[in-house]
Amino acid sequence: MVRPPPLGELPPSYTPPSAAPQILAVSLKAPLWLRAYFQGLLFSLGCRIQRHCGKVLFLGLLAFGALALGLRVAIIETDLEQLWVEVDSRVSQELHYTKEKLGEEAAYTSQMLIQTARQEGENILTSEALGLHLQAALTASKVQVSLYGKSWDLNKICYKSGVPIIENGMIERMIEKLFPCVILTPLDCFWEGAKLQGGSAYLPGRPDIQWTNLDPQQLLEELGPFASLESFRELLDKAQVGQAYVGRPCLDPDDQHCPPSAPNHHSRQAPNVAQELSGGCHGFSHKFMHWQEELLLGGVARDLQGQLLKAEALQSTFLLMSPRQLYEHFRGDYQTHDIGWSEEQASTVLQAWQRRFVQLAQEALPANASQQIYAFSSTTLDDILQAFSEVSTSRVVGGYLLMLAYACVTMLRWDCAQSQGAVGLAGVLLVALAVASGLGLCALLGITFNAATTQVLPFLALGIGVDDIFLLAHAFIKAPPDTPLQERMGECLRRTGTSVTLTSINNMVAFFMAALVPIPALRAFSLQAAIVVGCNFAAVMLVFPAVLSLDLCRRHSRRLDVLCCFSSPCSARVIQILPQELEDRTVPVGIAHLTTTVQAFAHCEASSQHVVTILPPQTHLVSPPSDPLGSELYSPGGSTRDLLGQEGARQKAACESLLCTHWNLAHFARYQFAPLLLQTQAKALVLVFFGALLGLSLYGATLVQDGLALTDVVPRGTKEHAFLSAQLRYFSLYEVALVTQGGFDYTHSQRALFDLHQRFSSLKAVLPPPATQAPRTWLHYYRNWLQGIQAAFDQDWASGRITHHSYRNGSEDGALAYKLLIQTGNTQEPLDFSQLTTRKLVDKEGLIPPELFYMGLTVWVSSDPLGLAASQANFYPPPPEWLHDKYDTTGENLRIPAAQPLEFAQFPFLLHGLQKTADFVEAIEGARAACTEAGQAGVRAYPSGSPFLFWEQYLGLRRCFLLAVCILLVCTFLVCALLLLHPWTAGLIVLVLAMMTMELFGIMGFLGIKLSAIPVVILVASIGIGVEFTVHVALGFLTTQGSRNLRAAQALEHTFAPVTDGAVSTLLGLLMLAGSNFDFIIRYFFMILTVLTLLGLLHGLVLLPVLLSILGPPPQVVQTYEESSQVPSSAAPQGGGLRWGMSSNLPQHFARVTTSMTVALHPPPLPGAYVYPASDEPTWSPAANNSTGSGSRGLGPASE
């Protein structure tokens, strides 16, 4: 074993003899010195931990336990916007602007019912099918929940659009009770749609007034003699309410309540459902409540003339108030004054009602019905996300118990002196504590948790953390027996600390680089993973050595493994090997090993940049070991395994194990795997195989599509998944809005606003309105309303009902136009009656005069609530309230306050036909281009809606992915080059990592996994995880000597077992993900990470050794031999020339290195080993004593 020595340790008086047989170790001075210095620090750390192992363990557990308490303040984020909207992107800035102007919540929430036939493809446009839809919708609409001592039904909590303000108190109270909820349903084409409206009113002498029996025209005629309802009549006429529902056909004309005014009441004929539903349906207002066909019917088929023939799905949508609206609606109301009404209570009421709605709707139809109902609400989605984010205690406990069992069984040995079952148990528990402490630290730092944190990170971190536990335990048990007891931990860290440090740093860098993905959920996951890896690193390097040191005390005290309270008869057996001398330079029969203990002196020649190491050996013979190779070219010399094998020929100990127990992974790597892999034919097959795999992966990469649908997240086989699948198939519609901001003059930009609307409406994905319907935007509604009151004024002026000085005899609309026409906008002279005949409210070009724009906006908002509600303008600042009184005599009502300049308004649109991510991207790019063109005309606008919130990330996702991967590969190269001190080796590692990432990406294409932010994070992190499988082999190759084949074989033997154990531990950690209820976890985490682990294992233990055996760098220490006739000796040789002495006088510039070397006299041929002819005299050549290949440098024959 070669230990990096402290320089200047040797005596200054030594002069190297000129004729001594020398082995010259030629190397670069700086890299070896730096590594020796770093390993010296690790050695010192390990020794100190061993001396104070109890204190270190106590303090470490205390610190990690304290950090784990931070989990008590962890916050789990389930808000989709907070999880998936890109940080600091234009979408997040636009969302912030929207919330700043309108508040946090949307205007309403949607509850949906979708009905399909059980037999796929069956026509659903029949009276029977609609009757079943009515049954389900009616059951859902009658839902009531009791909370806070009150009963809450649909009529109390539904969203009502544009409730008018009426001066007549009786009519106002009746309207308040009767005003219908907004329900978008195909039943509105029929009288049965009225059954979903639950409001009712009472008038003396009449039965209860409900929408099923309400004829507004008849009611106004009956009430006309008792109240002045002219303004209300005009409001209903403008809204084209007509007879409301009683004038529509009955689905079941035999229903006893079917009104006589229904078109098919007398004929008793069932309506033509397809004809009635063609073009959509209307609410109670034909003008403002038109439900387009695409909102109601799915899977539509038409004939050649475009007539509707069939449909495969029906949809009804119930709109509820938001929690804020519900709170404001009942604040101060007598119904809630005694319960301490709050917004939280309003939210609880809505959630309870929605859950009950979904439950009853899904149970509304019998199991044997020909139709099936799917129900969904916004609360359902919240519940799914909440369940998705909850920690599965059973899976976490099961995964950690499985890992405990594997670690214990893997590290148990028949020989108690080598058994480390308790160490395995303690290591897994320590990693579990480190994971908990890392997550606790994240909580203390304010990093919110999400589904990826709770569902994936505990298992992934466990698998990665246990890898280093196996590596340290493997190296600790394989330490040379001549290592002083107090230096065993220092020796272990010196040999493995470099690898552990390198892999941990790369993992942390990988996850920190993955945090470049600007999705909050994945940025939090990446930061948490990096912090957890850092805590694992601290636990492995600081606390776990204390566990190993305590286990060493157990072994030294002859205690059983795991059951350490009991003594063992063989756990601490020491085998004494006495040196023997060779007489006449002959080798006794049966002697296969020559063990040589030497003092090596490293001398830096002044004439060159080389280090010369002189190795004068002392030799003695040992009995043949059980190892058939009989060489230390592959195994660490002087290990406990070899010592026990030496005594096997002399005595049968009670603890001697069976033959099968000698087999282990290192044995397999040495005798079967490495000799087979490093043959020329095998190398060719490996290169061809991985080349073909890379080629297939490049093809698979072309199959990878972008996207992550909600159906991928919701568990398959659930009712929620069935609803989302049906919705995606039949009703792929998205409500979006075109938002106009402040910062420009609306009054002079009307033409640009109309042009913007036209450009946006022409997009392929925008659902066009029916040809008979005007565009549904506030600017069109506002202009059309002004044109309507202008026409009424012109008619009243022509008939003389309105004059310069009076408007009281005119119509309501004429009076409104009169007041607007005389406005000047001048605070000094606000009114000018001469303008009545010289100006128009809308000019010939269809534009509103700028000086009238904001005053007219005030009047429109106050006078046309249904039009305002239908436009969904959401003005900010909201225009002031202004009540029109035609009979006001004071003149104050003539002055109209102007609305403040608009800072927020929106045009609503519907997007349809969006099935694939490419469709979303195309729509987003078109919308952004329209806004850019409008910006050139001075209009500041942006699109808003779920497609822009959640799909705009795909515009730059691949670019972000490539950038992160390239930066990480460069960082990995720099880290490896810095710690390995060899750019060539770092380059090969980066090449293999790049191949792994490319192949993983291609396999995703074959598995049908779409590219979203989640796979991007795993792909980026795969580079850091892949370092776990490659760096140990590369470092083992770099620090051994001999031919490339020989060094690759040595590296394989020493790293095969810990790398394989680490891979298996990672797979066991991931195995618990396979039991998740969410198919999303299985596909996007378990499958990808499992493929990544298998690829890492193949590339690290198959491809990389082959590449190193072909393209590997030369060893950092190259041995040369110089024959000499003199032997430096302080004592004369006895009995032959094989016993060499050692000078006691060493120069000051020499360093002392002690190593134990074994030379095979008759080993089997190995890859790269030089085979001497049988007739030649055996030549003693030093072999590398490199027990782990990860932290030490050995010396071996230079056969290259």
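This is a predicted model: local features need pLDDT of at least 70, side-chain atom pairs count only at pLDDT 80 or more; totals for chains, interfaces and linings use all residues.
1. Cysteine 931 counts as buried because its relative accessibility is 7%. Here, buried means under 20% relative accessible area, exposed means over 50%, and partly exposed lies in between, with a 1.4 Å probe and protein chains only. Cysteine 976 is likewise buried, with a relative accessible area of 0%.

2. Residues are numbered from 1 along each chain as its sequence is written, and side-chain values use heavy atoms, with hydrogens and water left out.

3. Three disulfides are found in a search of the whole structure. A disulfide is taken as a pair of cysteine sulfur atoms within 2.5 Å.

4. Helices (H or I, at least four residues) and strands (E, at least two) are DSSP runs, numbered from the N terminus. The link of cysteine 158 and cysteine 181 is left-handed, with -70 degrees about the S-S bond. Cysteine 158 counts as buried at 3% relative accessibility, and cysteine 181 counts as buried at 6%.

5. A disulfide is also formed by cysteine 189 and cysteine 281, whose sulfur atoms are 1.7 Å apart. Cysteine 189 lies in the loop between β5 and α8 (216-223), while cysteine 281 belongs to strand β6 (residues 281-282); the pair therefore ties together parts that are 92 residues apart in sequence. Because the torsion about the S-S bond of cysteine 189 and cysteine 281 is about -105 degrees, this disulfide is left-handed. Cysteine 189 counts as buried at 9% relative accessibility, and cysteine 281 counts as buried at 1%.

6. The sulfur atoms of cysteine 250 and cysteine 258 are 2.0 Å apart, and the two residues form a disulfide. The link of cysteine 250 and cysteine 258 is right-handed, with 95 degrees about the S-S bond. Both cysteine 250 and cysteine 258 are buried.
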